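Please read the following note beside the sequence and the model. Its points are numbered so that each may be checked in turn.

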Amino acid sequence: MQEEQTPVAATPAAAAERRPSRRARWVGRLVALLALLALFGLAWYLTHRPAATGAPPGAAGGPPGMGGPGGPGGPPGMGMGRGGPATTVGVARATRADIPIVIEALGTVTPSATVTVRPQVSGVLKEVRFREGQMVKAGDVLAVIDPRPFELALMQAEGQRQRDEAQLQLARLTLERYQTLLKQDSIARQDVDTQVANVKQLEGTVLSDRAAEGTARLNLSYTRITAPVSGRVGLRVVDVGNVVSSSDANGVVVITQVAPIDVQFAVPQDRVPDIERRIAAGAQLPVTALDRSRATVLDTGSFSTLNNEIDTTTGTVKAKARFANAGRTLFPNQFVNVQMQLDSVRDAVTIPVAALRHGNDGDFVYLLNEDRTVSQRAVQRGQATHDRVQITTGLQAGDTVVTEGADRLKDGARVTVAGDRPQRGASAPGGGASRPGRGASAPEGAASRPHRRASGAAPAAGE
C-alpha cells in the first residue's frame with residue numbers, strides 16, 4: 001500500500017508573491033495618468049503652436065481647420081473685428097436713377113366682347129361656313145339656314161302688295177272723276193266723300209303690305225347667319241341638318257373678341273386716390289402683362305378704368321386695362337401678372353437690394369471707409385424695383401456699400417474688396433504667413449535682400 005500524501009498548505013510568503021502589491025498598483029495608475037497628460041499636452045501644442053513667422057501664441061492665423069482664433073473653428077466673432085483677418089466682400093456705389101412706382105397684381109384676361117351667335121329665324125341648318133377656332137370679321141357668313149320657305153313668304157307678300165296697289169290706283173282715278181262731276185253738280189257729295197275714304201283705306205292696306213314684304217325680306221336675310229363682331233369663334237355646338245331657332249340657349253357658336261382685349265386686376269384701396277389724381281391730370285398709365293414666372297412680357301397696354309365700389313372682403317378695387325394683343329399672346333380667362341406704373345421718383349439715390357440689411361433697430365447698410373473698414377449706417381428705404389431700392393436718408397450718391405459677405409461683418413470690421421491685388425509681403429488669408437512649398441517659392445535669400453538694403457548695408461558682390 002502506498003502512503004497517502006497529505007496536501008501541503010501554502011505559506012503566507014508564497015501567497016504574497018502571487019498577488020500584486022498595493023504599491024505596484026499605485027505606480028501603474030500614476031504612469032497611466034502621466035501618459036494621458038502627455039497626450040493632452042501634445043494635442044494642445046499641435047492646435048495652439050505659433051506660426052512659422054514667430055507670431056506669439058494665440059495670434060490670428062494657424063493651420064486651416066485647427067480651430068485657432070481667426071480660424072474656422074475659433075470662437076464666434078473672432079476675425080470680424082479690427083484685430084481679426086480681413087473679410088472679402090463685394091461692394092457697389094450708390095447712384096442716382098429714376099425709380100418707377102409700380103403696382104403689381106394678379107390679373108385675369110377678359111375679352112372685350114363675347115357674343116353667342118343665335119339664329120333669328122327657325123329652320124333647317126343647311127351650311128356651316130366656319131372652322132372651329134377661326135378668326136372672323138364682323139359681317140362674315142357663319143352658317144346658312146334653308147331659305148326656300150322664306151323666299152316663298154317674300155313672294156306672297158310682294159303679290160299682296162301689288163294687288164292692293166292696283167286697287168288703290170283704281171280708287172284714286174274714280175275719286176278724280178267724282179270730283180269733276182261734283183264741280184259740274186252732277187253727283188252727290190256723299191258719293192265723293194265715300195270714295196275719299198275708300199282711297200285712304202287702300203293706302204293703309206298698301207302700307208301694311210309693304211311692311212309685310214319688308215318683314216319677309218328681313219327673315220330671308222336672317223337665313224344667312226353672320227358674325228356680329230370680329231374675333232375668334234369657339235367650338236361648334238350644332239351640325240348641318242338640325243332645326244335651329246332663336247330660342248336655342250347655346251346658339252350656333254360663341255365669338256370672343258381678342259383684339260383688343262382687357263385684363264382685370266385688383267388695386268389696393270390706398271392707391272385709388274393716386275390713380276384718380278393721375279387720371280384727372282390726363283396721364284396715360286402704362287400697364288405690362290407678364291407670364292406666371294414674371295420672366296416674359298406678354299403685351300403692353302394702358303390703364304382703362306376703375307370699378308365704382310370697393311370690395312369689403314379684400315379692401316381692393318377692380319381695375320381694367322386694355323391691350324392691343326396684336327401678337328395674340330393674351331388668351332381669354334388667362335391668369336397673368338400685371339405691373340402698372342403709377343409714377344416715378346426722379347433722381348433718387350439707389351443701391352442694390354442685396355446691400356440693404358434689416359435689424360432690430362430698422363434698416364441699415366455697411367458703408368466702406370477709405371481705410372478698408374466698414375461702418376454700420378442706419379438708412380430709410382423708399383420705392384424699390386426687383387434689383388434696386390431707393391434710400392431716402394442715410395446715404396449720398398457715390399457712397400460705397402457692401403453687397404456680398406455682409407453676414408460676417410460687424411461695425412468697424414476690416415474687409416478686403418473682391419478684386420483688390422494683394423500687397424507684397426502680406427500674410428496669407430487666415431493671418432498666418434505663407435508656407436514654403438505652397439505655390440512658387442522665392443529664390444533663396446531673396447527675402448533677406450530688401451531687409452539689408454533698407455538697413456543701409458551695401459549689396460553683396462554676387463547680387
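1. Leaving aside its neighbours within four places in sequence, with which residues is threonine 110 in contact? Contact here means heavy atoms within 4.5 Å. Threonine 110 touches Ile261, Asp262, Val263 and Gln264.

2. This is a predicted model, in which local features need pLDDT of at least 70, side-chain atom pairs count only at pLDDT 80 or more, and totals for chains, interfaces and linings use all residues. Residues are numbered from 1 along each chain as its sequence is written, and side-chain values use heavy atoms, with hydrogens and water left out.

3. Threonine 110 belongs to strand β2 (residues 95–117); strands are DSSP runs of E with at least two residues, and helices are runs of H or I with at least four, numbered from the N terminus. Threonine 110 is buried (under 20% relative accessible area), its value being 18%.

4. Helix α3 (residues 148–183) packs against helix α4 (residues 189–221) at about 160 degrees, with axes 8 Å apart. Axes are lines fitted to C-alpha atoms over the stretch in contact, and angles run from 0 to 180 degrees between N-to-C directions. The two helices, α3 and α4, are therefore roughly antiparallel, a term for angles over 145 degrees.

5. Strand β18 (residues 388–393) pairs with β13 (residues 335–352) in the antiparallel sense over three bridges; pairing requires at least two DSSP bridges. Glutamine 390 in β18 faces threonine 350.

6. Strand β17 (residues 380–384) also pairs with β18 in the antiparallel sense, over three bridges. Here glutamine 380 stands opposite threonine 393, and a hairpin of three residues joins β17 to β18.

Notes: Parallel < 35°, antiparallel > 145°, perpendicular 65-115°, else oblique. Buried < 20%, exposed > 50% of the residue type's maximum accessible area, 1.4 Å probe, protein only.
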